[in-house]
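Colleague: Could we go through this structure feature by feature, with the general idea set out before the particular case?

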Amino acid sequence: MFEEGVAGKLVQLPPGAELAAVLDRIDLAALNGFEVVEVVKAISRQIAHYQAALLAAAWESAFCPPGDETSPPERTDRPEEFAADEVRFALALTRRAADTLMGTACQLVERLPAAHAALRSGRIDLARARVLDEETAALPPPLARQLVDLVLPAAGGWTTGQLRARLRKLVIAADPEAAAQRQREALTRRRIEHGLDQDGTATLAGCHLPPERAAAAAARIDALARAAKRSGDTRSLDELRADLFLEILNGHHAATAPAPRVGGVELVVPFATLAGLGAHPGEIKGWGPVLAEIAAKVADQQRDRSWRFTVVDGRGAVMAHGPLRRRPAAGLAAFVQARDRTCRAPGCRVPAGRSDLDHTVAWESGGSTTPANLGVLCRHCHGYKHSKGVRLSQPTPGTFVWRTRLGHTYTVGPAPP
């Protein structure tokens, strides 16, 4: 157990010298599991604090004129051209790593000071701070700061993937035409990359591809892989997808022409966008936010094929779900998948279509087969739910409360708009 009074101090103390002193005298062997996790959280806050200090110091060094250990504390009015090299030599970094560190320092200290302050206070870590920088890089600084201010209160509770997707949607909505122009420029850089991996295998990937065509291609490969699996193929789905990818590119697979019910893509579309009344971004399930015009292209290119849509209102609540040009499906599983969108474990982003439909209260224990007792869990998180000491409840439909094996509680609300 904690020494008397330290438990409360650990939770309440902001990162800094006092928290460092408290952490330095903690004996981990004397703590239970719940308390060890609190120490992990406190150390993470303290690391973020030091990372912010490192960035501030690195950026400050960029304004120091040439000198030596006896020089006065002078500053220039602009950063020195080779400032990153000073940091590179001091920390034994590669030139690329030093440039990245100095670039991040500049962006957070100068362009996104609120993000830097959040890092220094331990509310976010460096990985999340970098997402805030990267996803707003193309915006004018005032708009970038405005969007960062919108997401910062909740950013510490999201994974970097969740933060990136939500911020990307805000960026598209803030200036759809600018987002479309950035995409058109990026498409001119589309290319194929390839190379050997460390284990002797190879990587072959397309970059800067049109998202509607890339999503359709990936969905087609997935559909072919699942069909092969249903026919008794013993390879895993990932192995099948990879093998089919190469077979199709090498012209060794028979299914080279479009086939019915193959390659369907699922969309999440705001009603205003679907009706042509707005330019709010849509979402390709499993891929993330896309421009309204891209969502329209995905819908148009699949008019003669079976695909699914989800229509949401301005708050993100599901209005309808089903196949295109047919009555919305009344199937319970389809509705719950549309409502939850991804696995409902904290931070998990596995799409609902690749997850299990789980009874929150087991059917054999009297749990009902209704939306209020059903939820989407990926195979890993489904297994975790049934591990020793873990409890999951659903106090209201779509809200899931997890109690971990070490006694911590996390709430996952309904999928955001």
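Colleague: Does serine 355 count as buried or exposed, and at what relative accessibility?

Modeller: Buried means under 20% relative accessible area, exposed over 50%, and partly exposed in between, with a 1.4 Å probe and protein chains only. Serine 355 has 12% relative accessibility and therefore counts as buried. Bear in mind that this is a predicted model, in which local features need pLDDT of at least 70 and side-chain atom pairs count only at pLDDT 80 or more, while totals for chains, interfaces and linings use all residues. Residues are numbered from 1 along each chain as its sequence is written, and side-chain values use heavy atoms, with hydrogens and water left out.

Colleague: Where does serine 355 lie, and what is it in contact with?

Modeller: Contact means heavy atoms within 4.5 Å, and helices (H or I, at least four residues) and strands (E, at least two) are DSSP runs, numbered from the N terminus. Serine 355 lies in the loop between α15 and β8 (356–359), and, leaving aside neighbours within four places in sequence, it is in contact with Cys343, Val350, Val376, Leu377 and Cys378. A polar atom of its side chain also lies 2.9 Å from the backbone oxygen of proline 351.

Colleague: How should I read helix α8, and where is its kink?

Modeller: An α-helix has 3.6 residues a turn, so residues three or four places apart point the same way. In α8 (residues 141–155), the buried residues are Ala144, Leu147, Val148, Val151, Leu152 and Ala155, and what covers them includes α5 (95–111), α6 (113–120), α7 (126–135) and α9 (160–174). The bend at a residue is the angle between axes fitted to the seven residues ending there and the seven starting there; a kink of about 30 degrees lies at aspartate 149, shortly before proline 153.

Colleague: Which residues have the most contacts inside the largest nonpolar core?

Modeller: A nonpolar core is a set of buried Ala, Val, Leu, Ile, Met, Phe, Trp, Tyr and Cys residues joined through side-chain atoms within 4.5 Å. The largest has 35 residues, and those with the most contacts inside it are Leu55, Met102, Leu119, Ile124, Leu132 and Leu163. At least two residues of this core come from each of α3 (33–61), α4 (83–91), α5, α6, α7, α8 and α9, and the largest share, 6 residues, is supplied by α8. A second, separate core of 15 residues includes Ala179, Leu267, Val269 and Val298.

Colleague: How many bridges join β1 to β2, and how many residues of β1 are buried?

Modeller: Strands of a sheet pair through backbone hydrogen bonds, either parallel or antiparallel, and two strands are taken to pair if DSSP finds at least two bridges between them. Here 6 bridges join β1 to β2 (residues 202–207), and the two run antiparallel, with glycine 195 having threonine 203 as its bridge partner in β2. They form a hairpin with 5 residues between them, and glycine 200 in the turn has a positive phi of about 90 degrees. Of the 6 residues of β1 (residues 191–196), the number buried is 0, so this strand lies largely in the open.

Technical notes:
Polar contact = N/O pair within 3.5 Å; in protein donor to acceptor, adjacent residues only side chain to side chain.
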